[in-house]
Amino acid sequence: MEIEEKILEPVEIRGRIHSTESFGSVDGPGVRYIIFLKGCNLRCRYCHNPDTWDPETQDLRTAGEILDVAERYHSYWRNGGGITVSGGEPLLQIDFLLELFRQAKERGINTCIDTALQPFTREEPFFSKFAVLMQLTDLLLVDIKHIDPEVQKNLTGYTNENMLDGMRYLSDIGKPIWIRHVLLPGYTDDDAALKKTREFIETLNNVEKIEVLPYHTLGAYKWKELGKSYPLEGVEPPSRDRVENAERILRGL
Ligand code: SF4
């Protein structure tokens, strides 16, 4: 049996679900049903979903169960709407994603993944699975955390080489992406780093959109609820000027 056929064999697998959102309007085109998965290896200082980090959950659902609920909102999916899988880091559950998107495509649903590409590797078995998953994926929203590997490590706990390599791979296969960059004063908003990020973006040929996401403190309370001290206590969101400055640089305007 061909590797691709084997990867696409129907499997009975349950996703570890954090939550869902019926009318997402910012995570991909149109109105979307968003599925937030549990588990993330990164520890971004600005994370507003630290409650997704732990992969453990009682909420286990099959692809069919999720899609049956998602399709109730089908009539709202005009202008390219559909489903987006977010997290946490959805690629940590790549076997579940393959089954979810295989079934989504059978139902004619537009598919999108919101990811930092942290699990990306060209090693097997991940790489073949990822290649097949990309055949079932219409769009990826990819976070660039920081262009400098060591600064990123300080910010998230991991360096960025494999994540940037994942973006190069997506460019090579012509898979559309939207790039996202969280603007965090004192960490990700210096012009030199933004210009270096722009230089990297210019090497890619699959970028449809570049979004600057201003850091906010709305998730700070979750850190406290989890008994963790919030690492950005006292850091204020960026000014409108700094956000526009970052947009100009990253978009090459
Ligand atoms: S990748 Fe996302 S979920 Fe994971 S720590 Fe960073 S912001 Fe949080």
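This is a predicted model: local features need pLDDT of at least 70, side-chain atom pairs count only at pLDDT 80 or more; totals for chains, interfaces and linings use all residues.

Visitor: Is Leu117 buried or exposed?
Guide: Leu117 counts as buried, because its relative accessibility is 0% and the cut-off for buried is under 20%.

Visitor: What about Asn79, what is its phi?
Guide: Asn79 has a positive phi of about 55° and is not a glycine either. You will find Asn79 in the loop between helix H2 (63–70) and E4.

Visitor: Buried or exposed, that Asn79?
Guide: Exposed: Asn79 has 71% relative accessibility, and the cut-off for exposed is over 50%.

Visitor: New topic, aromatics. How many aromatic pairs does the structure hold?
Guide: The structure holds 12 aromatic pairs. One of them joins Phe120 and Phe127, edge-to-face, at 6.3 Å centre to centre with 80° between the planes.

Visitor: How are the rings of Phe120 and Phe130 arranged, and why does the pair get that label?
Guide: Their centres are 5.3 Å apart and their planes sit at 75°. Planes over 60 degrees apart count as edge-to-face, so this pair is edge-to-face.

Visitor: Which parts of the chain does that pair link?
Guide: It links distant parts of the chain: Phe120 is in the loop between strand E5 (111–115) and helix H4 (126–135), while Phe130 is in helix H4, and the two are 10 residues apart.

Visitor: Are those two buried or exposed?
Guide: Phe120 counts as buried at 1% relative accessibility, and Phe130 counts as buried at 0%.

Visitor: Which residues form the aromatic cluster with them?
Guide: Phe120, Phe126, Phe127, Phe130 and Tyr169 form one aromatic cluster.

Visitor: Let's move to the helices. Where is Leu164 found, and what is it in contact with?
Guide: Leu164 is found in helix H6 (residues 161–172). Leaving aside its neighbours within four places in sequence, Leu164 is in contact with Ile147 and Phe200. At 11% relative accessibility, Leu164 counts as buried.

Visitor: How far apart are Leu164 and Asn110?
Guide: Leu164 and Asn110 are 54 residues apart in sequence, and in space they are 25 Å apart, C-alpha to C-alpha.

Visitor: What is Thr197 in contact with?
Guide: Beyond its neighbours within four places in sequence, Thr197 is in contact with Ile144, Ile147 and Leu250. So Ile147 turns up in the contacts of Leu164 and in those of Thr197, taking contact as heavy atoms within 4.5 Å. Thr197 has its place in helix H7 (residues 191–202), and at 3% relative accessibility it counts as buried.

Visitor: Zooming out, how many helices and strands are in the chain?
Guide: There are nine helices and eight strands.

Visitor: What is the radius of gyration of the chain, and what would a compact globule have?
Guide: The chain has 18 Å. With 253 residues, a compact globule would have a radius of gyration near 18 Å, so the chain agrees with that. Its C-alpha atoms fill a box of roughly 50 × 40 × 35 Å along the principal axes.

Visitor: What share of the residues count as buried?
Guide: Of the 253 residues, 51% count as buried. The chain exposes about 11800 Å², and carbon and sulfur atoms supply 48% of that.

Visitor: Last one: how many positive and negative side chains are there?
Guide: The chain has 31 positive and 41 negative side chains, and the centres of the two sets lie 3 Å apart.

How values were computed: Residues are numbered from 1 along each chain as its sequence is written. Side-chain values use heavy atoms; hydrogens and water are left out. Helices (H or I, at least four residues) and strands (E, at least two) are DSSP runs, numbered from the N terminus. The radius of gyration is taken over C-alpha atoms; the globule rule is 2.2 Å times the number of residues to the power 0.38. Buried means under 20% relative accessible area, exposed over 50%, partly exposed in between (1.4 Å probe, protein chains only). Accessible areas come from the Shrake-Rupley method with a 1.4 Å probe; for residues, only the protein chains shown count as cover. Lys and Arg count as positive and Asp and Glu as negative; His and the chain ends are not counted. The place of a charge is taken as NZ of Lys, CZ of Arg, CG of Asp or CD of Glu. Rings of Phe, Tyr and Trp (its six-membered ring) pair if their centres lie within 6.5 Å; planes under 30 degrees apart count as stacked, over 60 as edge-to-face and the rest as tilted.
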